[in-house]
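Subject: Two-chain model, handed over

Hello,

Here is the structure for you to look through. My notes on what was found in it follow below.

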Amino acid sequence: MEKIKTPKELEKLRQEILAGQKKDAIEVTVCGGTGCLSNGSEQVAAAISEEMKKQGLNGKAVLKKTGCHGFCERGPLVTINPMDIFYQRVAENDAADIVSETLIKGKTVERLLYVDPASQKKIARHDEIPFYKHQFRIALRNNGRIDPTDIRAYLANGGYAGLAKAVTSMTPVEVIATVEKSGLRGRGGGGFPAGKKWRSCREAKGDVRYLVCNGDEGDPGAFMDRSIMEGDPHSVIEGMIIAAFAIGAHQGYLYVRNEYPLAVQNLGIALEQAREYGFLGKNIFNSGFDFEIRINRGGGAFVCGESSALMASLEGRAGEPRAKYIRSVERGLWDKPTNLNNVETYANVPEIIARGADWFASYGTAGSKGTKVFSLVGKVKNTGLVEVPMGITLRDIIFKIGGGILNDREFKAVQTGGPSGGCIPKSMIDMPVDFDELTKAGSMMGSGGMIVMDDTDCMVDVAKYFTKFLEEESCGKCTPCREGTRRMKEILIDISEGRGTEESIPVLEELAEALTLGSLCALGSTAANPFLSTLRYFRDEYEAHIKEKRCPAGVCKELITYRILEDVCTGCHRCFRECPQQAVSGEVKKPHQIDKDKCIKCGICFDVCKFNAVAKK
Amino acid sequence: MSANSTPSRRNKYFHHRGHREHRGINQRKTKGEKGLLFVFLGLEFSNELYVFSVCSVPSVVNNQEKNITMVNLTINGREIKAEKNATILETARDSGIYIPTLCYNESLGPEGRCRLCLVEIGEGARAKLVSSCTYRVEEGLQVRTTSSRVLKARKMILELLLASCPQSKTIQDLASAHVINQQRFRQEYEDCILCGRCVRMCEEQMAAKAIGFRGRGEKRSLGTPFDKNSEVCRQCGGCIYVCPACELRCTYTTPEQAICGGCQNISPPCIEKEMFHDTMCYMDPCVACEIKKD
């Protein structure tokens, strides 16, 4: 393969690729993201391919394995273009029908269509599904549309045009000015303006500069960076090359956690291809600019998502943060000026350069431009990856895209920003989502996790869970974080097990203040957020646990009792049979009782009762 | 002497990361501090390191001759001139202002682990707490070492340490000085406060790297890899010497000279010979063992 040297050659190649694609060919895409893979999409793809051969479709239809489509809840997903048909929960034995009905006869297979939970109507077209209809995709633009292991697919969609434009027709300073003007803020959590960071890195004293991409996504329930790295690795690589050109770096590092083997694999393939086409290596686009990228796998410590800990880990030392009084843009990796951004930030860059700063800045709010990818999980009907313009309300995300609360229960709160974020209560559901608004509400944007909770979630339990996570993931370097999170967890466990005292909340508040003020890095200084935000909006729940020894949501095991309602119980004997402790007694067709001394509060009787005769209090 | 304060003459062992935010050991005033000289002289050393140690005497005059840039700052409202590369902690101590520390040692690179040396800088909404051992002075910096926020954080840190390592004399003294008479957490009896002084001693001064941190979070501990006897440990005892949790134990040779009896509050690790085999026990006869016999 000859290396591409000018934007003209790139455009010519793109036209060639487009011409090579058969216009009337039907395209079947099977999602190959981690979510769908674990649901068996690999087998589905193999079965479809087999059926296509069997039914003589060779040449008329193309099968593609793409990255994550986002709608992981409904996986494995299959889309068929140009008809834009969307099939969900496809199994191996559906392959024959898909091929014979849809590919040959052009009909839809009704049973595989998505049913809108609101209207109970079947929706055939991908774009009409509410989950996708309200999204606007920049960072995820190619996800689910292209084969991530084929650079030609990326090129056909206008890939590397941004790089060509930046390197051949712009100066590094102009690139920085464009990114600054676009208002792109770091998507990793802090929300620091990317252009400003690049500028200070470019202006920092030093001969060698490094560029790092933070792919160490560790928040429980967050998977947007993984999906981008798996599904569209070239967008991250292109963004990194543009950033390296802007700041004057010649070596880049992609720090990916080792738990993401598919991301590592696809990024490796993409790097190899980019080198082959001359987008990486020496003299990129004949501009004299050299750049190389290396993948480093992280060992899976949450704290290594913190920039200075990540750099320590890259240098081969233990992942411990250092005091950042001298910023890493001045002294980072190996004491050289280093620019570190998140995967999603880099993925936005090529589009900003190719389409201009004004286009990007036209989306979003005054302080937060563009879009943000959220991983919408928890008690919501449609879970998955969503990309929406900044400033959209929480209500729109949860009810329009997410389809509302599971089992139509009552919405209680949404936890944003990962473990260091906070819970936003129902009363603030019409709040616009952007960096500043979330911070004002006592939470944060973080990397974009969004966990929806309903009235069966206990906020003390939520705070306990996240504090426990942070305690385990604290590196242990500084005293407040190591000892403080441990003691916070201890007290929260005490509260949830009925040992809370009048003193518990004041002590927790003091601890939280010391953690926030005194910790070395952002992990410690935000570690109190789960507690502080739940206390701010749900103080009554804490008080119920402490004063009345009662868990209003019925989650904290030590504080609840199970009781059989005599007038509802039909004496079906089901709970009698299922109880592992033989704590249920009673005769058939007569109301049963639970022996409180024997009961271990496992909740099986509650779950199995068909008549809602078991009460939890 | 003057030549010795240029970086090129530094011992090769000092050109590594631990010292990057550091003035360099040979530019520091030692002012009667029980210097590392004490340990060094009695023990086995390479010539190079030995020469270096002997020469590590203050050379403030040299700094002024070389026109070191000075900056003006205020600490607790007092106007102070300080060398540009000095940290807040060094400047405060030079000016006689007390800031408590645990993980800091003049001879070791600062890391800001214990967070006891927190001070407040900046004004109004931009005011924040920083660890004075790692923060360098700036022109016009306004430092408060005892603001209410500093005291709150410091007291909580001490209370946390008291809850986990109540037997250490150093921590008892610090707690008492900060009027902490009780702690509100579940009492534990750990020996180690994980300040990392011994790790830095072993790495920076002894160039051995025999011990280090293991694990993270609650599971973090200190020791040799896999708890095996270290092949690179020279049994110099430097780690025990710099330990702030049992600082006073090794600074005297006869029981009569023990001023505070701090060592008797804790169980000295040397006694637990079975646990340490010969790794840690470097003194013959072992002082701690001698005391225990009496």
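Across the interface of chain A and chain B there are 17 residue pairs in polar contact, counting pairs with both residues at pLDDT 80 or more. The pLDDT values come in because this is a predicted model. On the chain A side, the helices α18 (459–473), α19 (479–496) and α20 (504–518) each supply at least two of the residues that touch chain B. Of the elements on that side, α19(A) gives the most, with 11 residues.

The count of salt bridges between chain A and chain B is eight. One pair to look at is Glu510(A) with Arg184(B), which form a salt bridge whose closest N and O atoms are 2.8 Å apart.

In terms of residues, 41 from chain A are in contact with 35 from chain B. The area buried between chain A and chain B is about 3,400 Å², and carbon and sulfur atoms account for 49% of it. Which residues of chain A lose the most area to chain B? They are Tyr325(A), Arg487(A) and Leu517(A), which together make up 20% of what the chain A side buries.

Next, the domains within chain A.

I looked at domain 1 of chain A against domain 3 of chain A. How many salt bridges cross the interface of domain 1 and domain 3 of chain A? The count is zero. Polar contacts do occur there: three residue pairs, both residues of each at pLDDT 80 or more, are found across the interface of domain 1 and domain 3 of chain A.

Last, a sheet in chain B. Five strands of chain B make an open sheet in the order β2-β1-β5-β3-β4, with mixed pairing. Its edge strands are β2 (78–83) and β4 (128–131) of chain B, each of which pairs on one side only. On average, neighbouring strands of this sheet are turned by 40 degrees against each other, direction ignored. Helix α5 (residues 148–164) of chain B packs on the sheet and touches β3 (118–121), β4 and β5 (142–144) of chain B. The direction of α5(B) makes about 160 degrees with that of β3(B).

Strand β1 (residues 70–75) of chain B pairs with β2(B) in the antiparallel sense, over six bridges. β1(B) and β2(B) form a hairpin with two residues between them. Asn76(B), in the turn of that hairpin, has a positive phi of about 50 degrees.

Regards

Terms used. Residues are numbered from 1 along each chain as its sequence is written. Chains are lettered from A and ligands numbered from 1 in the order in which they are written. This is a predicted model: local features need pLDDT of at least 70, side-chain atom pairs count only at pLDDT 80 or more; totals for chains, interfaces and linings use all residues. Side-chain values use heavy atoms; hydrogens and water are left out. Two strands pair if DSSP finds at least two bridges between them. Helices (H or I, at least four residues) and strands (E, at least two) are DSSP runs, numbered from the N terminus. Axes are lines fitted to C-alpha atoms, for helices over the stretch in contact, and angles run from 0 to 180 degrees between N-to-C directions. Contact means heavy atoms within 4.5 Å. A salt bridge is a side-chain nitrogen of Lys or Arg within 4 Å of a carboxyl oxygen of Asp or Glu. A polar contact is a pair of N or O atoms within 3.5 Å; within protein, one must be able to donate a hydrogen and the other to accept it, and residues adjacent in sequence count only if both atoms are side-chain atoms. Buried area is the accessible area (1.4 Å probe) that two parts lose on being put together, summed over both.
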